[in-house]
Amino acid sequence: MIRSMTGYGRGKSCGKITWEVELKSINHRFLEIYVKLPRQWFFLEEKIRNYIRERISRGRIDVFVNCSSETLPVDIKIDKQAVASYYKKLVELKEEVGFEGPVTLSLLSVMPDLFVVEQQFPEEEELWPELKKALEEAVDNLIEMRTKEGNNLWRDISSRLDVIMERVRNIKIRSDVMIEEYRKKLQQKVKKIKEGLELNEERLEAEVVIFAERSDISEELVRIESHIAQFKNMGDAEGASGKKMDFLAQEIFREANTIASKSADYNITREIIEIKSELEKIREQLQNIE
């Protein structure tokens, strides 16, 4: 199950408090989680992080949590010290300017910052199950989107691996032909140099053998085929595989370079160039795979 690292998910739960959770994810080498919560809910941040770590392995995840409630009880607190200070100052002002009448409670009630309205929030044990429902839905939706995008990426990568395998088969065919062509060219050159002289077939065959040994690329081709087979198997594997795939892509690239250095044949060099081009495109896609 290949997953992309980009996606979006949203979840909502309704209880005493209505929770809304949004998740946005983008590429990252590791897993980084940034949580934005109202200040009174900061103590829930680590629980949110831990839950996401259980479900997602790589990417930068931005978490946005909003909540609202119309049913929670309300507690109104009065700053009695501030009331006394306001009363004292108003009496002094009344005497100073000569106003008549008392300093009433209705007058004091309009003074700022005397009343603090606080909602009575449930304890963490009661809050977390409801928040978890919204978070779980958001993560499910995020993973679903990442999986769809991952499937699209894998189809592209898999088709490019098929192209590389076709190039490898072409190189195999060409490597067999190349040795025989070298033998014929060497024969022609020797005949020109030693015109009229007897050709030493044993010496000629020895030169061909040396050439064949120096240009032997069979091991590199076998390793490339093995790496591609492993690559293909990862398409159905569970868990994060982006880093493993990138490692295999590097190994294929290294084997291709070795083949290019061993072979001076133009046709093989052309095939290697095409293989490298496909690998570059694969590695670009792998940057977005979890």
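## Exercise 1: The open sheet

Strand 1 and strand 2 make up a hairpin, with three residues between them. The model is a predicted one, in which local features need pLDDT of at least 70 and side-chain atom pairs count only at pLDDT 80 or more, while totals for chains, interfaces and linings use all residues. Residues are numbered from 1 along each chain as its sequence is written, and side-chain values use heavy atoms, with hydrogens and water left out.

**Task.** Determine how many bridges join strand 1 to strand 2, and in which direction the two strands run.

**Solution.** 
Step 1. Recall the terms: helices (H or I, at least four residues) and strands (E, at least two) are DSSP runs numbered from the N terminus, and two strands pair if DSSP finds at least two bridges between them.
Step 2. Strand 2 covers residues 18-26, and eight bridges join strand 1 to it. The two strands run antiparallel.
Step 3. Individual pairs can then be located. Gly7 stands opposite Ser25 of strand 2, and Lys12 has Glu20 of strand 2 as its bridge partner.

**Task.** State the order of the strands in the sheet, and explain why one side of strand 1 and of strand 3 is left without a neighbour.

**Solution.** 
Step 1. Strands of a sheet pair through backbone hydrogen bonds, either parallel or antiparallel.
Step 2. The sheet is open and has four strands in the order 1-2-4-3, with mixed pairing.
Step 3. Strand 1 (7-14) and strand 3 (31-36) stand at the edges, and each has a single partner strand, so one side of each lacks a neighbour in the sheet.
Step 4. On average, neighbouring strands of this sheet are turned by 15 degrees against each other, direction ignored. Such angles run from 0 to 180 degrees between N-to-C directions, with axes being lines fitted to C-alpha atoms, for helices over the stretch in contact.
Step 5. Strand 2 is also joined to strand 4, by nine bridges, and these two strands run antiparallel. Ile26 has Arg60 as its bridge partner in strand 4.

## Exercise 2: Packed helices

**Task.** Describe how helix 6 packs with helix 7.

**Solution.** 
Step 1. Two packed helices are described by the angle between their axes and the distance between the axes.
Step 2. The axes of helix 6 (residues 218-234) and helix 7 (residues 242-262) come within 9 Å and cross at roughly 160 degrees. Helix 6 is therefore roughly antiparallel to helix 7 (angles over 145 degrees count as roughly antiparallel, under 35 as roughly parallel, 65 to 115 as roughly perpendicular and the rest as oblique).

**Task.** Describe how helix 7 packs with helix 8.

**Solution.** 
Step 1. Their axes are 10 Å apart, and the packing angle is about 165 degrees.
Step 2. Helix 7 is therefore roughly antiparallel to helix 8.
Step 3. Residues making the contact include Ala249, Ile252 and Ala256 of helix 7 and Ile272, Ile275 and Leu279 of helix 8 (contact means heavy atoms within 4.5 Å).

## Exercise 3: Two residues compared

**Task.** Decide whether Ile252 is buried or exposed.

**Solution.** 
Step 1. Buried means under 20% relative accessible area, exposed over 50%, and partly exposed in between (1.4 Å probe, protein chains only).
Step 2. Ile252 lies in helix 7 and has 0% relative accessibility, so this residue counts as buried.
Step 3. Leaving aside neighbours within four places in sequence, Ile252 is in contact with Ile224, His227, Ile228, Phe231 and Leu279. Ile252 and Ile224 are 28 residues apart in sequence, yet 5.5 Å apart in space, C-alpha to C-alpha.

**Task.** Decide whether Glu278 is buried or exposed.

**Solution.** 
Step 1. Glu278 is part of helix 8 (residues 266-286).
Step 2. Its relative accessibility is 11%, so Glu278 counts as buried.
Step 3. Not counting residues up to four places away in sequence, Glu278 touches Arg160, Val163 and Ile164.
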